[in-house]
Amino acid sequence: MTHRFSRRAKASAAALGAALLIPTIAAATPAAATTPTVSCTSGKAGLAAKLTKDITAALANRKSTVAIGLYDRSTKTTCTLRGTTAYDSASTVKVTVLATLLWDAKKHNRYLTSTETSLATAMITKSDNDATSKLWKQLGLTKIKGFLAAAKMTKTVPGSGGYWGLTQENAADEQKLLQLVTAKNSVLSDNSRAYIQKLMGQVVSDQRWGTPAGAPSTVSVHVKNGWLQRSTHGWRVHSLGTFNGAGHDYMMSVLTQDNSTMDYGVTTIQNVAKAIHKDLVPTTAKTARYVPTSRPSEAFVATPAQ
């Protein structure tokens, strides 16, 4: 049977439909506007609230999508923001590659070869992509996944097709990695941990930006950064850092995407880092704070045609 509607009936139906839709749209607006907020806890009175306030202020009006992980052993302080959100790793995965190499060598009770040592040094201190590709190929996905499982980095997914820079990482897993690098554990030997920190402490000056920004001169700085531009989500700009001294032992991971330029991402990370260092490590007027290069550089990692 065919139903025919008059013009008046159609108009009434359209008006009713519009009336029904309006409350639905209005109700959905608050949920759509909700964005994650940083969450901090601490064993030191007042510190969590201060960090929450200052990190939030550092991110005010920034258009990047930012993930943060912070852990300070000395005050049992943690901060998280978008901890499980996945980002293309860019060069920050190089710390995982080195950790996998050392983990595998430990399993086979051997030292690194002179070639592996040269490749590892270039990979971390200069962010050399060719060196990384050689080690990535040598290790293979089975060993890399083996290390990730041992490190309980369960949400990290190695890049396929040799594109290690497209490894999917998140702030929570990167914090697990940095905790392994900075404290005794059964996954990495003491010598391995010391070696990773040594190389992260020798990164060339124009790549020592990001999380070290604002670090007091009373703490030692170890860093590995990365950046990557793609057609979706703009620039990814990331920084991993570990810091110890002045009675503190802390590490932070700041991952960003949707940056309009590389420098915009660097500034976002450094605003967060300055707030964290200031709150965690009280200083005197005479204490110098780390000022990163004004011309940050990084290696452009290979990606598929897009």
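This is a predicted model: local features need pLDDT of at least 70, side-chain atom pairs count only at pLDDT 80 or more; totals for chains, interfaces and linings use all residues.
Q: Which residue's side chain makes a polar contact of 3.1 Å with the side chain of Glu-298?
A: Numbering runs from 1 along each chain as its sequence is written, and side-chain values use heavy atoms, with hydrogens and water left out. A polar contact here pairs N or O atoms within 3.5 Å, one able to donate a hydrogen and the other to accept it, with sequence neighbours counted only if both atoms are side-chain atoms. At 3.1 Å, the partner of Glu-298 is Ser-91.

Q: How far apart is the polar contact that joins the side chains of Glu-298 and Lys-224?
A: Lys-224 also turns up among the residues that Glu-298 touches. Its side chain meets that of Glu-298 in a polar contact, at 2.9 Å.

Q: Is Glu-298 buried or exposed?
A: Glu-298 sits in the segment after helix H8 (262–280), with helices taken as DSSP H or I runs of at least four residues and strands as E runs of at least two. Buried means under 20% relative accessible area, exposed over 50%, and partly exposed in between (1.4 Å probe). Glu-298 comes in at 10%, so call it buried.

Q: What kind of pair do Trp-227 and Phe-300 make?
A: Their ring centres are 5.7 Å apart and the planes sit at 65 degrees. Trp-227 is in strand S6 (residues 220–229) and Phe-300 in the segment after H8, so the pair ties together parts 73 residues apart in sequence. Trp-227 is buried at 6%, while Phe-300 is exposed at 53%. The geometry makes the pair edge-to-face.

Q: What is the angle between the planes of Phe-243 and Tyr-250?
A: Both of these residues, Phe-243 and Tyr-250, are buried. Their rings are stacked, 5.2 Å centre to centre, with the planes at 25 degrees.

Q: Which residues form one aromatic cluster with Trp-227?
A: Phe-300, the edge-to-face partner of Trp-227, belongs to this cluster. Besides Trp-227, the members are Phe-300, Trp-209 and Trp-235.

Methods. Contact means heavy atoms within 4.5 Å. Rings of Phe, Tyr and Trp (its six-membered ring) pair if their centres lie within 6.5 Å; planes under 30 degrees apart count as stacked, over 60 as edge-to-face and the rest as tilted. Lists of a residue's contacts leave out its neighbours within four places in sequence.
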